[in-house]
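Q: I have a model open and want to learn to read its features. Where do we start?

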Amino acid sequence: MIGDHFSLCSLDDMPDPGARQFLWEEGEHPLAFFLVRQRNEVFAYVNQCPHAGHQLNWMPDRFLTRDGGLILCNSHGARFRIHDGFCVEGPCPGENLRPIAIEMKGEKIFARKEELRAALEVVLRFL
Ligand code: FES
């Protein structure tokens, strides 16, 4: 942790394309979220599908379709664009994954604690 930032990983820690999952905060309901890398860009989303609220992945760090072109929810097959989390196929077309703002400083990827806290509050509202 650096000040009000939560250090996640380095760009080199992620396959391209590929993803990595994280938990933030201890306790009964930590925030589950993930990063997706596509070339030199990285995007972050809450790990909760807008269809039925399930976590998207069944295996650690596995969030993408076989060709690496879309984010996949393993529960019922919803597919989302990597760059904006928009559902393009499956049971919830037109809905969105909840994005999390991240920052990159060189190769390092960070999230602001305030941003993570806000995302967690939204998730907890629907429990
Ligand atoms: S919970 Fe994701 S497609 Fe149904």
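**Reading the sheet and its loops**

A: With a turn. In this predicted model, β8 and β9 form a hairpin with 2 residues between them. G106 sits in that turn and has a positive phi of about 65 degrees.

Q: How many bridges join β8 to β9, and which way do they run?

A: There are 4 bridges, and the strands run antiparallel.

Q: What is the strand order in the open sheet?

A: The order is β1-β9-β8, with antiparallel pairing. β1 (5-10) and β8 (102-105) are the edge strands, each pairing on one side only. From one strand to the next, the twist averages 30 degrees.

Q: How many bridges join β1 to β9?

A: 5 bridges do, and the two strands run antiparallel. F6 has A111 of β9 as its bridge partner.

Q: How should I think about side chains along a strand?

A: In a regular strand they alternate between the two faces of the sheet.

Q: Which helix lies across β1 and β9?

A: Helix α1 (residues 113-125) does, running at about 60 degrees to β9.

Q: Which peptide bond is cis?

A: The one from D16 to P17, with omega near -5 degrees. P17 is in the loop between β1 and β2 (18-24).

Q: What is phi of R39, a residue other than glycine?

A: Near 55 degrees, a positive value. R39 is in the loop between β3 (31-38) and β4 (41-46).

Technical notes. Residues are numbered from 1 along each chain as its sequence is written. This is a predicted model: local features need pLDDT of at least 70, side-chain atom pairs count only at pLDDT 80 or more; totals for chains, interfaces and linings use all residues. Two strands pair if DSSP finds at least two bridges between them. Axes are lines fitted to C-alpha atoms, for helices over the stretch in contact, and angles run from 0 to 180 degrees between N-to-C directions. Two residues are in contact if their C-beta atoms, placed from the backbone, lie within 7 Å.
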